[in-house]
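Here are my notes for your first read-through. Keep the model open beside you and check each point as you go.

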Amino acid sequence: MIAVVSLAGCGKKKTAGSNTTAPALNGPAPTAQLTATPATVTAGDQVTLSWRTTNATSVSIEGVGDMLPSAGVKSVSPTTSTTYHLTAHGEGGTADANARVTVTPVQNAVAVANDMTSTDLTADQQFRASVQDVFFDYDSYDVRSDAQGALSKAAAYLATNTSVKVLIGGYCDERGSNEYNLTLGQSRANSVKQALVQAGIAADRMRVVSYGKEKPFCTESTEECWQQNRRAGFSIDR
């Protein structure tokens with residue numbers, strides 16, 4: 001009788017031990033921020049998505065793809081109004097962030113432009129609205145596919161405004177030697193010039209110069225800043 005009671009007690013302890021709770025999350029909860037610049041564009045214009053996360057091991061933006069887990073930027077060219085949704089996963093759970101881009105159809109933008117008088121926008125403002133910077137990947141001077149919309153818009157403006165001459169500056173982020181970045185900046189400016197030549201713009205209307213890493217747009221040592229500095233920028237060549 002004693003033996004039976006003893007065995008029953010052991011069985012009860014085993015049953016209790018098997019009902020373990022799910023392990024707790026192993027880390028602090030992640031945070032996420034996402035911005036879109038500019039927030040209002042014409043269809044096909046370039047938008048820069050910038051994100052920053054903490055305590056994340058993976059980051060993705062719906063419809064765009066996987067991103068660097070800490071911070072970065074990505075150029076997109078939406079054709080319709082879009083809310084970009086970012087999800088950050090970490091050992092402490094998940095975090096979400098959204099950024100809304102409002103897109104004006106091309107035909108509406110043209111109608112607005114046609115209604116404006118010459119005094120509505122200065123020549124410089126018209127140029128800046130139509131000829132936008134082109135961004136590059138790290139250590140590359142290949143024109144990315146997401147820059148095609150901006151280049152097409154620039155070519156259309158230059159084809160209409162035949163008296164405008166352009167200075168194309170090549171810029172780099174802070175990594176690498178001065179000499180290397182001067183060469184890379186020159187290659188980036190030349191790549192953009194050749195793309196516009198292929199679009200029908202006369203080569204003698206465009207002049208290129210390399211600024212290397214000497215004229216940064218952003219001075220923080222982060223991927224977000226480095227992406228802003230990897231560009232070809234335009235100005236009217238007077």
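1. Start with a term. On a 1 Å grid over the protein atoms alone, a pocket is an open set of points where a 1.4 Å probe fits, with protein on both sides within 12 Å along at least five of seven lines; lining residues have an atom within 4 Å of a point. This is a predicted model, so local features need pLDDT of at least 70 and side-chain atom pairs pLDDT 80 or more, while totals for chains, interfaces and linings use all residues. Residues are numbered from 1 along each chain as its sequence is written, and side-chain values use heavy atoms, with hydrogens and water left out.

2. Look at the second largest pocket. Its volume is about 150 Å³ (the space filled by probe spheres set on the points, which are joined across faces, edges and corners). The lining has 14 residues, and W51, V73, K74, D137 and Q227 lie nearest the centre. By class, five are nonpolar, three polar and six charged. Here Ala, Val, Leu, Ile, Met, Phe, Trp, Tyr, Cys and Pro count as nonpolar, Asp, Glu, Lys and Arg as charged, and the others, Gly among them, as polar.

3. Which elements each supply at least two residues of that lining? They are β5 (65–67), β6 (71–76) and α6. Helices (H or I, at least four residues) and strands (E, at least two) are DSSP runs, numbered from the N terminus. The largest share, four residues, comes from β6. Five of the six residues of β6 are buried, so this strand is largely enclosed by the rest of the structure. Buried means under 20% relative accessible area, exposed over 50%, and partly exposed in between (1.4 Å probe, protein chains only).

4. Now follow the strand pairing. Strands of a sheet pair through backbone hydrogen bonds, either parallel or antiparallel. Two strands count as paired if DSSP finds at least two bridges between them. Six bridges join β3 to β6, and the two run antiparallel. L49 stands opposite K74 in β6. β3 (residues 47–54) is also joined to β1 by seven bridges, again antiparallel. There L34 stands opposite W51. On β1 (residues 31–37), A32, L34 and A36 make the covered face, and T31, Q33, T35 and T37 the uncovered one.

5. Another sheet is open and has four strands, in the order β9-β12-β10-β11, with mixed pairing. β9 (134–135) and β11 stand at its edges with a single partner strand each, so one side of each has no neighbour in the sheet. β10 and β11 run parallel, joined by six bridges. V209 in β11 is the bridge partner of G169.

6. How many aromatic pairs does a search of the whole structure find? It finds three. Rings of Phe, Tyr and Trp (its six-membered ring) pair if their centres lie within 6.5 Å; planes under 30 degrees apart are stacked, over 60 edge-to-face, and the rest tilted. Y171 and F217 are edge-to-face, 5.0 Å centre to centre with 70° between the planes. Y171 lies in β10 and F217 in the loop between β11 and α6, so the pair ties together parts 46 residues apart in sequence. Y171 is buried at 12% relative accessibility, while F217 is partly exposed at 42%. Together with Y211, they form one aromatic cluster.

7. Check the charges over rings (NZ of Lys or CZ of Arg within 6 Å of the ring centre and within 35 degrees of the ring normal). R231 sits over the ring of F217, with its charged end 3.6 Å from the centre. The charged end of R175 sits over W226, 3.8 Å from the ring centre.
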